[in-house]
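Hi there,

Here is the structure I promised to pass on to you. Please open it in your viewer, and then read on for my notes.

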Amino acid sequence: MQPAFANPVLETPPKISISITEACPHACAHCYSDCARAPKAGELSIPAWRRVIDGLTEEGFIQAYFEGGEPFAKPGFLDLIETTAPRMMTLVRTKGAGLDAAVADRLAAARVGRVLVDLMGADAATHDATAGAAGAFDQAIAAIGHCVARAIPVDVLVVLTRSTAPQLNAILALAHGLGAERVGILRLYPLGRAKAIWGGIALPLADQMAALAALAPPPGLKVMQSWHPRDQNCCWQAAALNAFGDMIGCQYLREYVNYGNIRDRPYLDAWRNDPLYKQIRSGNVEASCPDCSGSQRSHGGCRSTAFAFHGRWEAPDPFDVTLNDGVDLAVLPDRLR
């Protein structure tokens, strides 16, 4: 029997997200990886990552998206970027820590495709309080400036929380004034340290939708978000590795799945043959929002938040207003607390 809903089908994934390290000089209150200041035992070395990149290019991957932790806290990361960028479209997500003028020069010379900088507020007080590090805001602002000055395309990313919601338009104006091309507004995921403080930072869905409805971006600034009617199920195209080389499909599935280690199994083997991976990518879900599936061509919304709140891979995504069915997103299920 054919599934009631089905996502697009890819024989090979075009891009991969790599959490290169779980080291970070900040102590963000909602850190999904529960990062430490130094790289953790068992993280892949840069020579090991070079071998991984070699394998991924042979398998046909055309884009690599590096994140952390803080990528620039990984010794040798820039060397890896310089060998990866000539072979794959290369993007880097950073909090700005360590991205000074000299680093920006090397990123520009390597022709990095885009840098994405996290902002946790429109001012130093808000941002630094969440980052748990004095001066973090200034580092992020400087990093954006270094990249813009070298014509490296820049996006600003902001997680929608109780503290950022009232500042969204100020963040949009700030990003535009600094020369960022786009701002991505991201949902808050119940992962890592975020779970411990969820009740203090998470918003009910109605408040999330109200914050999005109130957006007034400056002319020329593109705003990206994945709430209704653009609620995406991007698992059909998602591939990801954590800092230890585990294949996890998506960074937001990091606590829920493991398809084996890249040192033991080619990524395409997991992509094509792992039963759970295939199920999650299929789009075979209990319910699908017609508006979102009409615009996104995929079904059911995010599998991470669906599983987090319902405990079923085929469950509806409660972050979509048509699928929420009374779920209070400001309260975590008991099994996640």
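Below are my notes on helix packing, cysteines and backbone geometry.

First, the ground rules. This is a predicted model, where local features need pLDDT of at least 70, side-chain atom pairs count only at pLDDT 80 or more, and totals for chains, interfaces and linings use all residues. Residues are numbered from 1 along each chain as its sequence is written, and side-chain values use heavy atoms, with hydrogens and water left out.

**Helix packing**

Helices (H or I, at least four residues) and strands (E, at least two) are DSSP runs, numbered from the N terminus. Axes are lines fitted to C-alpha atoms, for helices over the stretch in contact, and angles run from 0 to 180 degrees between N-to-C directions.

Helix α1 (residues 46-58) and helix α2 (residues 77-84) have axes that come within 10 Å and cross at roughly 20°. α1 and α2 are therefore roughly parallel (angles under 35 degrees). On the α1 side, I46, W49, R50 and I53 make the contact (heavy atoms within 4.5 Å), and F77, D79, L80, T83 and T84 do so on α2. These residues divide into 5 nonpolar, 2 polar and 2 charged (Ala, Val, Leu, Ile, Met, Phe, Trp, Tyr, Cys and Pro count as nonpolar, Asp, Glu, Lys and Arg as charged, and the others, Gly among them, as polar).

The axes of α2 and helix α3 (residues 101-110) come within 9 Å and cross at roughly 15°, which makes α2 roughly parallel to α3. Here L78, D79, I81 and E82 of α2 meet V103, R106, L107 and A110 of α3.

**Cysteines**

The count is 0 disulfides (a disulfide is a pair of cysteine sulfur atoms within 2.5 Å). For both C235 and C250 the closest cysteine sulfur is in C234, at 5.9 Å and 5.7 Å respectively, too far for a bond. C235 is buried at 9% relative accessibility (buried means under 20% relative accessible area, exposed over 50%, partly exposed in between, with a 1.4 Å probe and protein chains only).

**Backbone geometry**

Most residues other than glycine have a negative phi, and most peptide bonds are trans. A cis peptide bond joins G68 and G69, with omega about 0°, and the bond from H228 to P229 is also cis, with omega near 5°. R111 has a positive phi, near 65°; R111 sits in the loop between α3 and β4 (114-118) and is exposed at 72%. A151 has a positive phi near 60° and is exposed at 66%.

Best wishes

Definitions and conventions: Angles under 35 degrees count as roughly parallel, over 145 as roughly antiparallel, 65 to 115 as roughly perpendicular and the rest as oblique.
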